[in-house]
Amino acid sequence: MLKSHDSMRTKQTTGKKKAANGLNTPSATPDMVRSPTAPQELSEADRARLRAFLNKSDKPFSIETIPATRKRKRGAADPHTEPNLDDERLTVQYEVKPASNWESLRKYKKFTVGDESIGAGEHVLVKHDDTDDGKVDYAAQWKAKVLEVRALDSEHVYVRVAWLNRPEDLDTGRKSYHGKNELIPTNQLDIIDAMTVNGKLDVYKWEEENDDSTMPDPEEYFWRQSYDFANTRTFSKLRPICRDETPQNPDETIVQCGSSKCRKWMHAKCLAEDALERASQAQEPSGKKRKSVGYGKRKSNTQDRAMSETATSMAITPDGTLTAEVFVAELPVENPAEKTEIVITEADGKKRSEELRCLLCGEVVESEC
């Protein structure tokens, strides 16, 4: 039996469509729905003093997360706790400075950006600079989750957020298993001006350990792993698969062994590389293996071979003399292959076909068709 984890989500991300209509020049206005915990109305003199403080800096507030291991000073005020993050393990304590000025601002349930009303719990795009060309570059925009909204008036609206990072924004960098639009929620908190918000962003939680969980759409932002910035500086665990014990990249195909004793998932690219190594070794009289290279990683001096339109993965030797392509028949893609197989192509163009075999148990991976 063969399965692919390449299914698509059908839900449309309306936030993306709205943001693309020019919300990179927002006017932020707090919705007049006050929180029941809002402070008492300030006097005119206090409002003037607070307004003067806010006007002194583009970033009047700072926020400090407090590691769970830090001991509190005797007589110090209890810190706030933020439990409403994307992952329960990210729950963190924090302090806002200056606390008195922050607490003096009225708390609101939501604020408005352009024609969008945004509230706590929603994800947003945040400007990374002052560029205003009428377009929204999603990859370049920062991403965050809204946790709290406070304001003095329509010109002084502030949003407490938790940042979602791209893999390359963290010290560990982007790995081979990270998807193009993968984000990593953190408990790194910040307070930003609502005028820097560029509109809503739909972010899908992908439960990769559940085989029935719908895959993220290729153009959809998603998360599956969190990073504890405030306490342990560790990532939540991902499910390792295949012979190389590497998590799945959702932009690539994986195949499941149909044997009831195995049922392991494999990367299609690993199947291609394994076939290439075996074919390459068979051609070497000495039995010495050549180094195989995955598709897209060929050296500049190698023979150029484009991957077949219906293939799901490809591997090629550095000298370009051998190519291995994996074809999966029942994939829900625009150009599905007619047959599940591995095709080896030699330098002279001669082709031969192999069955897909599990890299872990050796059983033939058969199609469900």
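pLDDT is the predictor's confidence in each residue, on a scale from 0 to 100. Helices (DSSP runs of H or I, at least four residues) and strands (E, at least two) are numbered from the N terminus. In this predicted model, local features need pLDDT of at least 70 and side-chain atom pairs count only at pLDDT 80 or more, while totals for chains, interfaces and linings use all residues. Residues are numbered from 1 along each chain as its sequence is written, and side-chain values use heavy atoms, with hydrogens and water left out.

The protein chain averages a pLDDT of 83, with 79% of the residues at 70 or above.

On to the aromatics: rings of Phe, Tyr and Trp (its six-membered ring) pair if their centres lie within 6.5 Å, with planes under 30 degrees apart counted as stacked, over 60 as edge-to-face and the rest as tilted. The structure holds six such pairs. Phe-61 sits in the loop between helix H2 (44-55) and strand S2 (62-66), whereas Tyr-158 belongs to strand S10, 97 residues apart. Buried means under 20% relative accessible area, exposed over 50%, partly exposed in between (1.4 Å probe, protein chains only). Phe-61 is therefore buried, at 2%, and so is Tyr-158, at 4%. Ring pairs also link Phe-53, Phe-61, Trp-102 and Tyr-158 into a cluster.
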